[in-house]
Amino acid sequence: MITVNVRALDFMDARPLAAAELTVNLLVYPFFRVRPDPNDPEPDAPAMRELEGNPGLGKSVQDSKTTDAQGACTFTFDVDEFFVELKNAQSLDGRIAAAVKARVDVFAQFLGVRLDRFAILDELDNGADQAIVMPVDLGMSIVGHTTPTSTRLWFSLPFQPTSLQRFSCRLISDQELAPSATRRATAAAALGRTQAVTFDAASATAVVDFDALAPGTRHHYSLSLRKGRKDIVLAKGDFRTPSPTSMRLDFAFGSCHRPVVTGTPESPSDEALSSLERWQHLVDHADFEFLMLIGDQIYGDGIEDKWPNASPFEQYMRRYKQLWAHWPPREVMRTHPTYMVLDDHDVADDFGAGNLGDTKVAAALECYRHFQHARNPGGPGEPGGPFHYHFRWGPAAFFVMDGRTARGSGAPATPVFGHMQLQDLQAWVASDEVRNADVIFFVAPVPLALLPTETILAVAEELTQQGVAAAGALTGTLVGAVVGGILAGPFGAAAGAGIGAAVLGSVGYAVGEEVFEQWVEKSLLSAADLAERWDLDENRADLVRLLDILFGLANGLGDDPPRPRSVFVLSGDIHTGTMHAIRSLPVAAGADHRRNPLILQITSSALSHPPVRGDIYAQAVSHADADLDIDLHDMDLLTLLDERKDWGKLSAEDVGLDDIFQGGSGEYFLDSGDRKRYLCQFSGLLMERTVGRVRVELRDPATRRYRFAASVEGQQQVLETAFDLDLSAPRIRQIRDDAQFQTLTVPEEAVSGRRFAVTVRVRNTGVSTWRPGEHSLAVLDAVWGVDRIPLNVRVLPNRSHAFTFTLMGSTPGFLRARFQMSSRRARSVFGGVSPTRRVHIVGPEGELSCAQLAVQRKEAQERLDAARRQLHSEAEPSEATRRRVQAAVAALAAIDAERVRLGC
């Protein structure tokens, strides 16, 4: 007898699934000992102790039941005779069964629709009592483009809907759910709003738009299927509309979603769980406003081999449902507005740069419209429209480019954008949406800056000629440069990145897939691998055109009066996290970008796809020929993996980047020829799964001073930068350090040659942590003989610190005391200045102080006043009284003279 207790729960929320029809199939089958290998020198090998099942000789029984209100039901199978019969089963080669076990499969059917199969891999003995919790996926939801007063919701079903089924979406706000006398008197069904939902017959997806929403409010939604008089909830979620007056911004972004799938859905491997860790991080830290997925939300490579009997469109649908089946990403997307961007692997590797079949491309793009672009601004309203789009959120305007389908449509003039997208970009730049924005985000799945492609080509060619290879996968095309740690740059140091070694060569997914994971062995040097790079000669016209546009926005060119902005580039694609500073240099030709000469590019990749492997990078570098003259600077030592797989040390003289990074500064020009204007600087590298985060907050509306914090957060380390920008300043510069004076305690009087105590309390109002050795308190007046008071503890942003120290004045008189924070890195003072306090330094003992003279003057004045009253009261003033008046006047004059001498 075997008993199976099944409880069916909704996959996303663990809600009991009542009235579901469950079918349990129980298979009893024999197990045989594994025969040893006849070539094995040890006939009593451990294999003889191993068992292997033969389901083909098994016997099965099946039963169906309906779940109760708790989603539970119990199945009892009397299979004693099966176990007895199969105990003596014999295999085709004459082996007798060594054991008999049972296996359970559970199938769910709900509302007449076959939904899920749930396999229990445990092998059961007779008499077992098996408890099964079966998650049932009823439907998927994602929140799309959201404004202060509207939203777009997307739904997908795990079954094909019929024309007779009726679906609806209900939306209700927190205010409507709040208890009140009026609402208690209102029927619950009357709250909120309900709209009919129509699913596409081919893709089983649908979108529904809601408008006239309350700004800055949390809303709850649910998708339901009508069953008789009851609505059965299939999917649900919630989101918050932004406030139209908010001048802050907080969003997450990432790219490249391909989780590792090993183990089983019921018991995934540690590697599979690790691949979703960044998604789980977003679940656990869900205080961001929206999410941007910057390309490669699926990987369409090889799906025709995985599902050979399905149509191309169905193959892509299966890929979406396969890679989007995991709980953490679905939890994030159903609770946060999510914007998606097309990149090559949403079709297949090198799409837009390589040759792919028209049928595959058409099916992929049609699926992309249904599963991704339908939620973006303008998605459903323009079935044949472009994939690029733009939107506004708080103080920022976003332009999301299509870097794939337009390639070549405007060649050679616009090789990456194409004519239409470039025109739309220029119209967007001139729009009120942009002109009224203080912050600009340009989203380009392929990074504008990484390493010089021409150098990559040159080194790759030489390595290829030499036939350099490593384990068959490093096929002589790996090249590039070693970047270790974090190079100092205008955006500051990135925390905790450590020493990295990287060959940033053919940067497309070909390197990530074919080299670093060694999936296939073939030459990597192909036109398609490099054709997507912005700084390739054939593409550089669009790169320079784009930088002209972005730096024009950064400097307020075209505005009257000029309105400078902060500009960022967001990217993905390369399976590493990086930061780059792009600087516009003043040159004779071209527009004047001196008011705001910097743009920050942030790259976060990959969310769940395996990251680039640092040891393979190191192997590639170790094979580089010395004649290539790749010199390393800014690192004392470079760790490399040698041929014996041991970690060794390579001196700084052996490897470097002089040919690539001019002077070892981590810089190279993005444009070429005589007009070299745009200089790129590497500011960080992270070889982990990553997720990006950007926070923007207006600190001072009067001056348009914003605080920016950007990070690329890995599983162990992080690249991060934070700074303030005053966008109204004549020349915009980063403000990383700032301080607010709070209190100053200093005596009014001190004795010359003796020390006295001073306390200055300041608050760290900047974005940098104050650190000993880097920050100090500056003594602004040189009369004290000391110019810096050292800091002895770390002071985090928004924390206060009290400097307590002693000073000594050597010259009698009144001396000024003023203080201000100082940064050794910036070589300047910063923040508020303390009030000026005057300290009276008196002479050594025996010399009267100002305070003592003040007392004496008061006493002398009182004696003079008394003598004068006596003089006026006498009819005939006596000589004695006259002498008392004269003596009092002389004493007062002497005291005043001394006070003048001391500066009292």
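In strand E29 (residues 690–700), the bridge partner of Arg 248 is Glu 697. That bridge belongs to the pairing of strand E16 with E29, which is antiparallel and runs over six bridges. Two strands count as paired if DSSP finds at least two bridges between them. Strands (E, at least two residues) and helices (H or I, at least four) are DSSP runs, numbered from the N terminus.

A word on the source: this is a predicted model, in which local features need pLDDT of at least 70, side-chain atom pairs count only at pLDDT 80 or more, and totals for chains, interfaces and linings use all residues. Residues are numbered from 1 along each chain as its sequence is written, and side-chain values use heavy atoms, with hydrogens and water left out.

Back to E16, residues 248–254. E16 also pairs with strand E17 (residues 290–293), here in the parallel sense, over four bridges. Gly 254 has Leu 293 as its bridge partner in E17. Six of the seven residues of E16 are buried, so the strand is largely enclosed by the rest of the structure. Buried means under 20% relative accessible area, exposed means over 50%, and partly exposed lies in between, using a 1.4 Å probe and protein chains only.

Next, an open sheet of three strands, in the order E5-E1-E8, with mixed pairing. Its edge strands are E5 (72–77) and E8 (129–136), each pairing on one side only. From one strand to the next, the twist averages 20°. For such angles, axes are lines fitted to C-alpha atoms, for helices over the stretch in contact, and the angles run from 0 to 180 degrees between N-to-C directions. Strand E1 (residues 2–10) and E8 pair in the parallel sense over eight bridges. Val 4 has Gln 130 as its bridge partner in E8.

How far apart are the end C-alpha atoms of helix H7? They are 17 Å apart, which agrees with the 16 Å that the 12 residues of H7 (312–323) should span at 1.5 Å a residue. The expected span is 1.5 Å times one less than the number of residues. The buried residues of H7 include Phe 313, Met 317 and Leu 323. The buried residues of H7 pack against helix H6 (303–306) and helix H9 (358–371).

In H9, 10 of the 14 residues are buried, so this helix is largely enclosed by the rest of the structure. Among them are Lys 360, Cys 367, Arg 369 and Phe 371. What covers them includes strand E10 (150–156), strand E13 (205–210), H6, H7 and strand E18 (338–340).

Then the cores. A nonpolar core is a set of buried Ala, Val, Leu, Ile, Met, Phe, Trp, Tyr and Cys residues joined through side-chain atoms within 4.5 Å. The largest one has 56 residues, of which Val 6, Leu 153, Phe 167, Leu 223 and Leu 234 touch the most other members. Strand E6 (residues 99–110) gives the most to this core, six residues. Beyond its neighbours within four places in sequence, Phe 167 is in contact (heavy atoms within 4.5 Å) with residues including Phe 159, Val 197, Leu 223 and Leu 234. A second, separate core has 37 residues, including Met 140, Leu 276, Met 317 and Val 347.

Last, the cysteines. How many disulfides are there, taking a disulfide as a pair of cysteine sulfur atoms within 2.5 Å? The count comes to zero. Cys 73 is buried, at a relative accessible area of 10%, and Cys 256 is buried, at 1%.

How values were computed: A disulfide is a pair of cysteine sulfur atoms within 2.5 Å.
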